[in-house]
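Good morning, and thank you for coming. Today I would like to take you through the spaces and the chain contacts of one structure. Please look at it on the screen first.

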Amino acid sequence: MPFHVVAQVSDIPVGQRKLVEVKGREVVIFNHEGEFFAILNRCPHQGGRLCDGLLTVAITSSEPGHYEYIPERQVIRCPWHAWEFDIRTGKSWCEPDRVKVRSYKTEVLPGTQLVRGEYTAEIFPVKTEDDYVLIDI
Amino acid sequence: MRIQDLRPIDCDMHPVVPNIRALVPFLAKNWAASVNDRGIEGFDSISYPPNAPISARPDWRPDGKGLPTSVEDYRRHVLDRWNVQYAIGNCLYGAHLALSEDIGVAMASAVNDWMVANWLDAEPRMRASIVVAPQNPERAAAEIDRCAPDKRFVQVLLPAMVEAPLGRRQYWPIYAAAERHGLPVGIHAGSSYRHPVTPVGWPSYYVEDYASQSYAFQGQLGSLIAEGVFNKFPGLKVVLLESGVSWLIPFLWRMTKFWRGTRSEVPWVTRPPIEIARDHVRLSIQPFDAPDDPAIVGRIIEHMQSDAMLLFASDYPHFQYEDDAVLPPGLSEDFTRRLAHDNPLETYPRLKEVQS
Amino acid sequence: MTDAPAKPIENDGVIDCDIHPAIRSFEDLKPYLSKHWWDYYSTYGLRSRQGFVKGTPYPKIAPSAMRRDAWPETGLPGSDLKLMQTQHLDAHNIQLGVLNPLNPSGGDLNVDFSAALCSATNDWLLETFTRKEKRLKASIMVAYEDGASAAAEIHRRAPEKDFVQVLLLSRTSEPLGKRRYWPIFEAASEHNLPVAVHVFGYSGHPATNSGHPSFYLEEGAAHPAGIQASIASLIFEGVFERYPNFRLLVIEAGFAWLPAFSWRLDKLWNRMRGEVPHVKRPPSEYIKERVWITTQPMEESQRPQQVVEIMDYIGWDRLMFASDYPHWDFDDPKFGLPPSLGAEQRAMVRYRNAQALYGL
């Protein structure tokens, strides 16, 4: 199974993030309103560590002078040149089709399902009474 | 390939108002009287001191001095000589210099009427830009509405340095009117001298003043894009006239890079600035700031990644080249035809409407 | 400039020509200011040709325009030498870094206060940075709008070898070639010190020559135009002729605009040499001999080779790597240069040109 257990749900409170390492890659996991999103911790521009960036809302606009602030539009800003990446899809806001950071599917499963041995837990210790975040790499 | 075989469209030539008296017949009575009563000497701009080398080629000056002011001069020097199909007259008379908006509006209007009488009516191959006074954009829009029904007006003309960056919303009535009439907006080298001609103050020498036109185009292009003028007016094309050309792409590289990080400041800019420019901005080819080296010229053009952006222009009577060397060296036949013919027709749709 | 051959930098290191040190607070300068100037500062504060007590007329995109990961426990990024060492000097094998303070600058409206601040900053640079870390060199800060006091400060500091150049900000109140600035060039030339012009400052004129732009994006895009105006001024006022030793370094304006600008000036000089008979050579020759330029912020094209072609036109002996650490738009030494550069070109840009310019 490609899904890897990377964190306990309780490790990542709402609005927070966690940096994990999976298969030699650094991945940042975000908890937005109870949903988990995962992207590679490396800005495609010059390699800035996205986990050190600002998590904020992408300001959008339908016409000059108007500014939309829609909280669902969560982005992580690279701490270096401030490029914005949608935490759901990894797409940049400046050029979504051309510039993106790898994003990974996530899943939340209870420990009871994991200890049954169907999933690769690697070195991550799993308890039946907890819930876990898994990502697909 | 000879220029004559191209039947080029001259997208930047300058009819010269010989003196303010030439405009008096086209001024309202009170202004005609004021010009005389108050001794108003004129609105000639030091952007082109009349005897400065750049202001006119020696062999284009009547008897080697002064400025060519007649249609006959232009026919002899360029229009007939190069078998020009159409020529767009961009009159640089400084209506925009006037600190009184009323005088500015009056002068702009007079220039347009003078243009009709002396150039458009006199020569069927002539077309013209509508000169407006940027001092009051609403009244500028009214002047555009007034002149636009005459289809020989094919563009709206603004100087490159005014009171505020041209992308600012206060100027939008001009773009609205231009777009409404299907007219591109031409921004031409020249200043209304509201600000020092450089961001670091007033330089000593005229050669620096002329060099500073380049800074103006950088600032204006930045403003038009950042303020979202092309979002608000998606049908608008802007032509940068007498800008120098080779500054364009390095500027857009820089601006595009910054934009990637500052997107949230200008969230209506949803495409890279360099792509917006390729779609909406055109440039006249004279002057072309590069050595006479086909390899360098070729590189500059290749960096533009578009064959639609350049427009043939004589920049008559300014002294940018000698003899018939109006085209930068080394251009392919195909590219030359595009810039001499196809791009101007695409940029100025009205050229196709009125046949000469 | 020494005639000694440049010493090779070990391990493919790099000379970083633009690092920004910061004071933790104005208290850091207090030991170096007289009571009079400390009291003046405490009462009137810093005032330059813009209206803000705190912050900047164009709000930055990141707080204080800094990288988010460069903030120490206390104080601004750049104020903590240890963090600068670990995060930047050690991490990137920076063999030499040149410190260019931006705050306070030499542009305060009260030129005597500005001179005092600059002198204090120069003392602070030595005590806080260069004497503790020999990989760091510094710029001599001067109150550049007052030629006389600036020249005096240059003469005072020149014997100290930790200072490698004089620093001005680019948005000066007049084009840089004007006579009021000549004492600076004269003093710097006397000591064989380059004069570095770093973007920013407040000229008191709008950031563009057609008025004030609205956005920080525009301000950033407009820096090269101001530098261009000053280079034109230095050329056409005859500064390069008058001071044969005078060398100029342009910092943080990018570089891709330089060839087009050189070509434009050459055409204009050809056309109007009569106006400036004291300018004996084409502008591009002065630029190729006396002007250096840092690479940051490196221009980016969808086809990176195009930027390398521009670097070719500039000349591989002119370009000097700079990171702009710890600002947000900095260039990482590993990724900031196009990967297609040959070994020789890399060496020149990464350290050899800086060694030559600074006589190291």
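The largest cavity has a volume of about 100 Å³. A cavity here is a set of points, on a 1 Å grid over the protein atoms alone, where a 1.4 Å probe fits but cannot get out, and lining residues have an atom within 4 Å of a point. Grid points are joined across faces, edges and corners, and the volume is the space filled by probe spheres set on the points. Rolling a probe the size of a water molecule over the atoms shows where empty space is left.

Before I go on, a word on the model and its conventions. This is a predicted model, in which local features need pLDDT of at least 70 and side-chain atom pairs count only at pLDDT 80 or more, while totals for chains, interfaces and linings use all residues. Residues are numbered from 1 along each chain as its sequence is written, chains are lettered from A and ligands numbered from 1 in the order in which they are written, and side-chain values use heavy atoms, with hydrogens and water left out.

With four residues, α12(B) gives the most to the lining of the largest cavity. By class, that lining has eleven nonpolar, two polar and one charged residues. In this scheme Ala, Val, Leu, Ile, Met, Phe, Trp, Tyr, Cys and Pro count as nonpolar, Asp, Glu, Lys and Arg as charged, and the others, Gly among them, as polar. The count of cavities of 30 Å³ or more comes to eleven.

We move to an open space. The second largest pocket holds about 720 Å³; a pocket is an open set of points with protein on both sides within 12 Å along at least five of seven lines. It is lined by 29 residues, and those closest to its centre are H45(A), E299(C), E300(C), S301(C) and P304(C). At least two lining residues come from each of α10 (248-262) and α11 (273-280) of chain B and α10 (304-314) of chain C. The lining of this pocket has 13 nonpolar, seven polar and nine charged residues.

Next, the interface of chain C and chain B. In contact (heavy atoms within 4.5 Å) are 69 residues of chain C and 73 residues of chain B. The area buried between these two chains is about 5900 Å², and carbon and sulfur atoms give 59% of it. Buried area is the accessible area (1.4 Å probe) that two parts lose on being put together, summed over both. In chain C, N209(C), L217(C) and R264(C) lose the most area to chain B, together 15% of what that side buries.

Side chains of opposite charge can pair when their charged atoms come close. A salt bridge is a side-chain nitrogen of Lys or Arg within 4 Å of a carboxyl oxygen of Asp or Glu. How many join chain C and chain B? The count is four salt bridges. R299(B) forms one with E309(C), their closest N and O atoms being 3.0 Å apart. On the side of chain C that touches chain B, α6(C) supplies the largest share, 15 residues.

Finally, chain B and chain A. Their contact takes 18 residues from chain B and 19 from chain A, and they bury about 1400 Å² between them, 54% of it on carbon and sulfur atoms. R260(B), R263(B) and W268(B) supply 43% of the area that chain B buries against chain A, more than any other three residues. Three salt bridges cross this interface. In one of them, E95(A) pairs with R260(B), the closest N and O atoms being 2.7 Å apart. E95(A) sits in the loop between β7 (84-86) and β8 (103-104) of chain A, and R260(B) in helix α10 of chain B.

As for chain A itself, its secondary structure comes to one helix and ten strands.
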